[in-house]
Amino acid sequence: MRPSDPVGAGCPVLDLSCPIWRGERVDIWKQSLVVAQTGFHFKSLCDFTVNPFMGCGHGCPFCYVPEVSAAKQKSALEPYGVRDPDAEWGQYALLRMWDEKEFRQSLMKMCRIPPGKLMQGGHRAIMLSSTTDAYQHIRHPDSERAKELNAYRAYMVCKALEIIRDESDLRVRIQSRFTLAENDLELLVSYGPRLLLGTSIVTLDRSIGQLYEPHVPDAERRLEMLRKASAAGVNVYVAFAPVPPHCDEADVRRTLQAIAQVKPCTVFCESLNVRGGNLERIRKRAAELVVDSRMDLFENAAEVPAYSLRTLKMVERVAAEVGLAERLHLWPDKEVLGGKTAYAGVADPAEHAAWLLKWWNRVSEWPETTSAHQASPCGSDTATSIIPATTLDTVPIVTATTI
Ligand code: SF4
């Protein structure tokens, strides 16, 4: 059997004749889809991940996945014609192969991890996906190949979700900036409260959206997907992220009002974090659009925490105004707001420390739980807390993925 031959009846037939030799940036990745444990706990999103692609065709310029993930695969990406995984982010989307046996084995392995070995905020949930979008439409110059790849993606994602649902007790958090999840609504509904569907949005303002997330449907359209899913019985959440310097209070208010209407169980939020080459990619995109990138502020070490704190406090205030205070879950960046520069810029360091700990220790909502900060019923009440109060300014720097 060729390594590319899918295992499992009903899988679309795909000619995967040694994709690595094709040298194409949109094709098949050499590894199979698996469930993996993640160290990505500080956002209270998941304990495990399933990432069907290496790379992401959406290519959001602010994305820092290449710095925390794809850049580590630099030599493996070279045969596909990718020389700089960060600068070329968005130009490659390599779909993992489907091997049902391997997927099942990886799932069973994750199921066996005792809840006490997991962090409280992860909910024993699998995130689909953390370093890509499982529900992206694959663009390929050859329309026939595009059809094959899209059918393969759709099959693989459905099959993975069915196996997780039927053969494990793990939860699932779907995160997408696209709308293809609508096609799987029946499957998502069948999960009941074990599944959350979410989207990330930057703003409702299309001109700002063109700069930060140019290759995905408008934010209104993605919120519409959540409305539809919610009406069908799926629990939903939103990641309002990132909030870049272009978004003023009026813009934030308009976006949060629209988010409130979909009745999300949680609204995550972070300011723009500069990592790897995302600053250069935003500048490049701004130059194409002939607009001000407003990235100069990130050249000033003292201004970065000030911008981040100002933005998050503004979101906190506006969220309370629009009735989202209880649902808001801020992600203050530890590197930016937990460091000496941030503390030097605040009037009351003790109050700043308490504010940070409040957010860093927050456990996001899951529908089965009865309160935002209550442990989950499936055993994570024995899990360790996220950040002990004694670590304040010494917490590790987060190497989280963007979603
Ligand atoms: S932010 Fe998400 S959707 Fe956008 S490029 Fe990164 S992984 Fe893809």
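**Reading a ligand shell, helix pairs and a sheet**

Tutor: Start with the shell around the ligand: by class, it has 5 nonpolar, 4 polar and 2 charged residues. Keep in mind that this is a predicted model.

Student: How many residues surround the ligand, and which are the closest?

Tutor: The ligand is surrounded by 11 residues. C56, H58, C60, C63 and R177 are the closest.

Student: Next, helices. How are two packed helices described?

Tutor: Two values do it: the angle between their axes and the distance between the axes. Take α4 (residues 100-111) and α5 (residues 143-167). Their angle is about 40 degrees, and their axes lie 11 Å apart.

Student: What is the orientation of α4 and α5 to each other?

Tutor: Angles from 35 to 65 degrees fall between roughly parallel and roughly perpendicular, so they count as oblique. α4 and α5 are therefore oblique to each other. Their crossing is right-handed.

Student: Which residues in α4 and α5 meet?

Tutor: From α4 come E100, F103, R104 and L107. They meet K159, A160, I163, I164 and E167 in α5. This contact has 5 nonpolar and 4 charged residues, and no polar ones.

Student: At what angle do α9 and α11 pack, and how far apart are their axes?

Tutor: Helix α9 spans residues 249-261, and helix α11 spans 303-321. They pack at about 45 degrees, with 10 Å between their axes. α9 and α11 are therefore oblique to each other. The crossing of α9 past α11 is right-handed.

Student: Which residues in α9 and α11 meet?

Tutor: α9 brings E249, V252, R253 and L256. α11 brings M314, V315, V318 and A319. The contact of α9 with α11 divides into 6 nonpolar and 2 charged residues, with no polar ones.

Student: Now the sheet. What is the order of its strands?

Tutor: Read across the sheet, strand by strand. This open sheet of 8 strands runs β2-β3-β6-β7-β8-β9-β10-β11, and its pairing is mixed.

Student: Which are the edge strands?

Tutor: Look for strands that pair on one side only: here they are β2 (36-37) and β11 (328-330).

Student: Do strands β3 and β6 run parallel or antiparallel?

Tutor: β3 (residues 48-49) and β6 (residues 125-128) run parallel, joined by 2 bridges. T49 stands opposite M127 in β6.

Student: Which strands does α9 lie across?

Tutor: α9 lies across β8 (195-201), β9 (235-243) and β10 (267-271). Its direction is at about 170 degrees to β9.

Conventions. Residues numbered from 1 in each chain as written. Predicted model: local features only at pLDDT ≥ 70, side-chain atom pairs only at ≥ 80, totals over all residues. Near = placed C-beta within 6 Å. Nonpolar A, V, L, I, M, F, W, Y, C, P; charged D, E, K, R; others polar. Axes fitted to C-alpha atoms, helices over the stretch in contact; angles between N-to-C directions. Helix = DSSP H or I, 4+ residues; strand = E, 2+ residues; numbered from the N terminus. Parallel < 35°, antiparallel > 145°, perpendicular 65-115°, else oblique. Left-handed = near helix turned anticlockwise from the far one by under 90°. Contact = placed C-beta atoms within 7 Å. Pairing = 2+ DSSP bridges.
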